[in-house]
Amino acid sequence: MKKRVLTGVQASGTLHIGNYFGAIRQMVDHQEKSDLFLFIANLHSLTTVSDPKLLKSLTLQAATDLLALGINPDHCHFWVQSDVPEVAELSWILSSLTPMGLLERAHAYKDKVAKGIHPSVGLFTYPVLMAADILINQIQLVPVGKDQKQHVEIARDIAIKFNNLYGETFTIPEPEIPEDVAVIPGTDGQKMSKSYGNTIPIFAEDNAIKKAVMGIVTDSKGVEESKDPETNNIFNICKLFLTKSEQAAFADRFRKGGMGYGDAKKYLLEKVLEYFRPFKEKRKYLENNSDEVEKILEDGAMKVRRTTLKTLEAVRKATGLRY
Ligand code: ADP
Ligand code: TRP
């Protein structure tokens, strides 16, 4: 039996190659090896986005991006969180047995408030909604970054508490922290992140991608000088797009001398454009046919509700809400 795997994505605007190699590609792989549940967490985004137009466009954009990058609704469950109202009901039920102390210990809440985000009740109970996302689908594995690990542990604690109180109802989920996923470096060598302004965007115009690649920070070695590929930002980003033998050949050209950084950047640019070209074409098509995206999301919500309704019915019975 394939493992049930779930992850939620908060729409956050323009995707970069760090997002792709650090997260999205793993989701695409999970479609084949697991029973993947993937959704856009727009109810969670409501705690930070209060502009309705923005929330709507971010949601649709995130769905379009993921479909363009290889998410196939025939091979996974793919939907928008708010299209499945059972989650909000379960969230209330779970919040009634969640101790305040469990949420008071959550780092993410404190970090967000420290950053100036409005400390709403929703922001505080965010982990309970996340537990509902996971538990309502009887999920076994939740692949998340380190920052979300505590939230999955909270979901486990809530599931155990519910099962002890009302009888075996929920699968106990486990976090999966993909240790082997390298941190993708940005154009300045730090972790690529939109908050550092060092990204190479995926779906921008070719010219904007060129500008980002040409802006990669290097030392000032001349064309003829021997260069160290291991410590070079161009090489370290380019590796993502090369086979092992191409990597060895490219590393050789660094060490031998005779290749300037301008030429190395041009080589990388070609690789980036070539790699993402089919995804960009798919993105353009979906953008021009947004009704198809909406239909996929509508069907996805209907499909996943077969699972969520079954769990919620069991919960209603177990708790005495079904009278
Ligand atoms: P950003 O740092 O640009 O704000 P997000 O926090 O929105 O990116 O990250 C979305 C997903 O992409 C997360 O799963 C995160 O782990 C992954 N990710 C983002 N940047 C990188 C990177 N430089 N290397 C590896 N994974 C990354
Ligand atoms: N909180 C997650 C994030 O910001 C998104 C999310 C919502 C999620 N519900 C989830 C992730 C359930 C994993 C499982 O990245």
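Between domain 1 and domain 2 about 1400 Å² of area is buried, and carbon and sulfur atoms give 71% of it, buried area being the accessible area (1.4 Å probe) that two parts lose on being put together, summed over both. Within what domain 1 buries against domain 2, Ile17, Phe21 and Ala68 supply 40%, more than any other three residues. This is a predicted model, in which local features need pLDDT of at least 70 and side-chain atom pairs count only at pLDDT 80 or more, while totals for chains, interfaces and linings use all residues. Residues are numbered from 1 along each chain as its sequence is written, and side-chain values use heavy atoms, with hydrogens and water left out.

Domain 1 comprises 4-182 + 290-319 and domain 2 comprises 194-284, with bounds that come from an automatic or database domain assignment. Their centres, taken over C-alpha atoms, are separated by 34 Å, and the contact (heavy atoms within 4.5 Å) takes 14 residues from each of domain 1 and domain 2. One salt bridge is found across this interface, the term meaning a side-chain nitrogen of Lys or Arg within 4 Å of a carboxyl oxygen of Asp or Glu. Arg283 forms a salt bridge with Asp65, their closest N and O atoms being 2.4 Å apart.

Turning to the ligand, 13 residues surround ligand 1, and the closest are His16, Ile184, Met192, Ser193 and Lys194, where a residue is near if one of its heavy atoms lies within 4 Å. Oxygen atoms of ligand 1 lie 2.5 Å from a polar side-chain atom of Lys194 and 3.1 Å from a polar side-chain atom of Asn19, whereas a nitrogen atom of ligand 1 is 2.8 Å from a polar backbone atom of Ile184.

Key. Chains are lettered from A and ligands numbered from 1 in the order in which they are written. A polar contact is a pair of N or O atoms within 3.5 Å; within protein, one must be able to donate a hydrogen and the other to accept it, and residues adjacent in sequence count only if both atoms are side-chain atoms.
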